[in-house]
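Please read the following briefing alongside the sequence and the model.

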Amino acid sequence: MAKTDRPRGCPAQLVKGLSVHDEEWVLHNAVIHTQSPANPRATAVWIRNGRILETAGDELKECVPHERRTDAGGRCVLPGLTDAHLHFEWFSLGLQRIDADQPTLQHVLDLVSQQARTLAAGSWIRGHGWNHNAWGSGDLPTRQSLDSVAPDHPVFLTAKSGHASWSNSCALKLARVGGSTPDPSDGAVVRDGSGHPTGVLLEGASDLVASCLPPITVSDVATAMRAGMAKAHGLGITGVHDMDGVRALRAWQQLRRQGHLQMRVCKTIPLDHLDEAIGCGMSSGFGDDHLWIGGVKIFTDGALGPQTAWMLSPYENDTANIGMPLIEPEALEEAMTKAATGHLASFVHAIGDRANRMVLDVMAALRQREAAESSRPLRHRIEHVQLIDGQDIPRLADLDVIASMQPIHATSDKDIVDRFWGPARAPQAYAFRRIAETGATLAFGSDTPVETIAPLPGVHAAVTRRRADGSPGEEGWQPQEKLSVGQALRGYTTGAARAGGVEAHLGQLSSGYLADLIVLNQDPYHVDPMEIDGIEVWATMADGRWVYQHPQADGFGP
Ligand SMILES: [Zn+2]
């Protein structure tokens, strides 16, 4: 390339001398969907010290020496995806637990054996999900089988039913459960012919062992989160809005101090810590580009499954039930006003149409007060918005309240929506398209570990309104609410960034933005929509560094 036709932003002395910066790369030969409305497509992106200098054509690669160029092989590149609603501590700790929901006893024992080989002797091995009825003989498992694979680690595995647990001899010994241990009033110790415990404890008897489990420390959570981040990187996630509690906030800070935080984290504060947060001046946005405070998390109702979501009219299958509010409107207004006075936005869980209306009513009052006081509008949001009355939909945009929703819930809940909310209300549920068309900001997440953390299945659900197995058929469920691929991806990029108050430097691949991006092995804009959930992440860059590459990928190494 001639020096005279260097790309915009590529200084002449660089082209000439190619001076090398420590953290400088050009990713080229890519199909980049920048998510920038002004400049939506590019084929190369130039990154230095964690920031994007420029997105443009492949001539950008001339700005850096050969060893600083990465060929994307014609693959699709997107901004790193943000999961705008999840429970990262809960998710990460779950990764350490054995999934005991296995087809045979031997499968479970193999998993326990694997963990016993990686954990120091004496460390607890925990897990959940076993169901002996699925294991051929139907016999309850025994401590001896666990002893055979983990003699030196206490093992505690809870049953899928939630009504029993299974421990090994080491755990029973620590809990001092033996032949002479009486049954507690609310449970039973299962015993063999000679009266010795078999290892299975029923109902409240499980507490005999559970009460010996070591408390989970901040360091435990931080360690688990490192594995959680690695898992998330492999699925294309570079940012999270974490709804877990204050222990998670401490763990994120520990990771930040130790230099292990490779995730953009927008953290909420639980309502019962609001006074402390306000007392020490923690306001929305406090923190840095890696970890910042989002707002206060408030619950207003329950959920659809247990039929505790608060409804304008009764459940279809239970005409005496309208669910219930978890907070009265006056208390909600008081809490949100107090938070707003401390410059904290409210992240309000609302699932039923009545809960959503109550939140919007309170938010309307807050917006009026903001206007009267000419204070900066806070980035208030409703979490879930699963059922919102048609007349309330435009209020989201009018009041600039972010709709933080989870597309995968729409397809996993479709049957209970039909059953519990019925045919008149089902068309209003998960109303992605109508909400988007009013101009409101949609932010998308997974609510993991309730659902998979993988974002591309969420894009698939929003675009097709079908499950991965294709149900309920070609049309999809409530197909009028299908989004385009672009609309769905905005929920995980620019929409999530706006929901976190960081749209000025995250959510798109544009000059000056932070360098979080992903390379995909297929382009979601161009594949059959039913294939979107099978798209694999080829490489992930967080903060200007490669943090993940696909086992078959090469050249994106950390
Ligand atoms: Zn949640």
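In strand β22, I518 is the bridge partner of L78, and the two strands concerned, β7 (residues 76-79) and β22 (residues 517-520), pair in the antiparallel sense over four bridges. This is a predicted model, in which local features need pLDDT of at least 70, side-chain atom pairs count only at pLDDT 80 or more, and totals for chains, interfaces and linings use all residues. Residues are numbered from 1 along each chain as its sequence is written, and side-chain values use heavy atoms, with hydrogens and water left out.

**Sheet**

- Strands β7 and β22 belong to an open sheet of six strands, ordered β3-β2-β7-β22-β23-β24, with mixed pairing; two strands pair if DSSP finds at least two bridges between them.
- The edges of this sheet are β3 (41-42) and β24 (545-549), each of which has a single partner strand, so one side of each is left without a neighbour in the sheet.
- Helices (H or I, at least four residues) and strands (E, at least two) are DSSP runs, numbered from the N terminus.

**Zinc site**

- The zinc ion is coordinated by H85 through NE2, H87 through NE2 and D447 through OD, at 2.1 to 2.2 Å; donors are N, O and S atoms within 2.8 Å of the metal (3.2 Å for Na, K and Ca), and water is not among the atoms, so sites may look incomplete.
- Along the chain, the donors of the zinc ion follow the spacing H-x1-H-x359-D.
- H85 counts as buried at 1% relative accessibility, and H87 is buried as well, with a relative accessible area of 11%; buried means under 20% relative accessible area, exposed over 50%, and partly exposed in between (1.4 Å probe, protein chains only).

**Salt bridges**

- The structure holds 25 salt bridges, each being a side-chain nitrogen of Lys or Arg within 4 Å of a carboxyl oxygen of Asp or Glu.
- One of them joins K160 to D101, with the closest N and O atoms 3.0 Å apart; this pair links distant parts of the chain, 59 residues apart, with K160 in the loop between β11 (155-159) and β12 (164-167) and D101 in the loop between β9 (98-99) and α3 (105-118).
- K160 is partly exposed, with a relative accessible area of 48%, and D101 is also partly exposed, at 39%.
- D183 forms a salt bridge with R191, the closest N and O atoms being 2.8 Å apart; D183 is partly exposed at 39% relative accessible area, as is R191 at 29%.
- D392 and R395 meet through their side chains in a salt bridge of 3.1 Å, N to O, and salt bridges that share partners join R357, D361, D389, D392 and R395 into one network.
- Within that pair, D392 is buried, with a relative accessible area of 2%.

**Cavities**

- The structure holds two cavities of 30 Å³ or more, a cavity being a set of points, on a 1 Å grid over the protein atoms alone, where a 1.4 Å probe fits but cannot get out, and lining residues being those with an atom within 4 Å of a point.
- The largest cavity has a volume of about 130 Å³, where a volume is the space filled by probe spheres set on the points.
- Of the 19 residues that line the largest cavity, G80, T82, R264, L506 and G507 lie nearest its centre, and the elements that give two or more residues to this lining are β15 (237-242) and α17 (494-499).
- The second largest cavity holds about 40 Å³ of space, and its lining consists of T238, L261, Q262, M263, R264, H290, D516, A542 and D543.

**Backbone features**

- Most residues other than glycine have a negative phi, and most peptide bonds are trans.
- The peptide bond from T448 to P449 is cis, with omega near 10 degrees, and P449 lies in the loop between β21 (442-444) and α15 (455-464).
- The peptide bond from S471 to P472 is likewise cis, with omega near 5 degrees, and P472 is found in the loop between α15 and α16.
- R176 has a positive phi, near 55 degrees, and is exposed, with a relative accessible area of 74%.
- D400 has a positive phi, near 50 degrees, and counts as partly exposed at 28% relative accessibility.

Note on methods
On a 1 Å grid over the protein atoms alone, a cavity is a set of points where a 1.4 Å probe fits but cannot get out, and a pocket is an open set with protein on both sides within 12 Å along at least five of seven lines; lining residues have an atom within 4 Å of a point.
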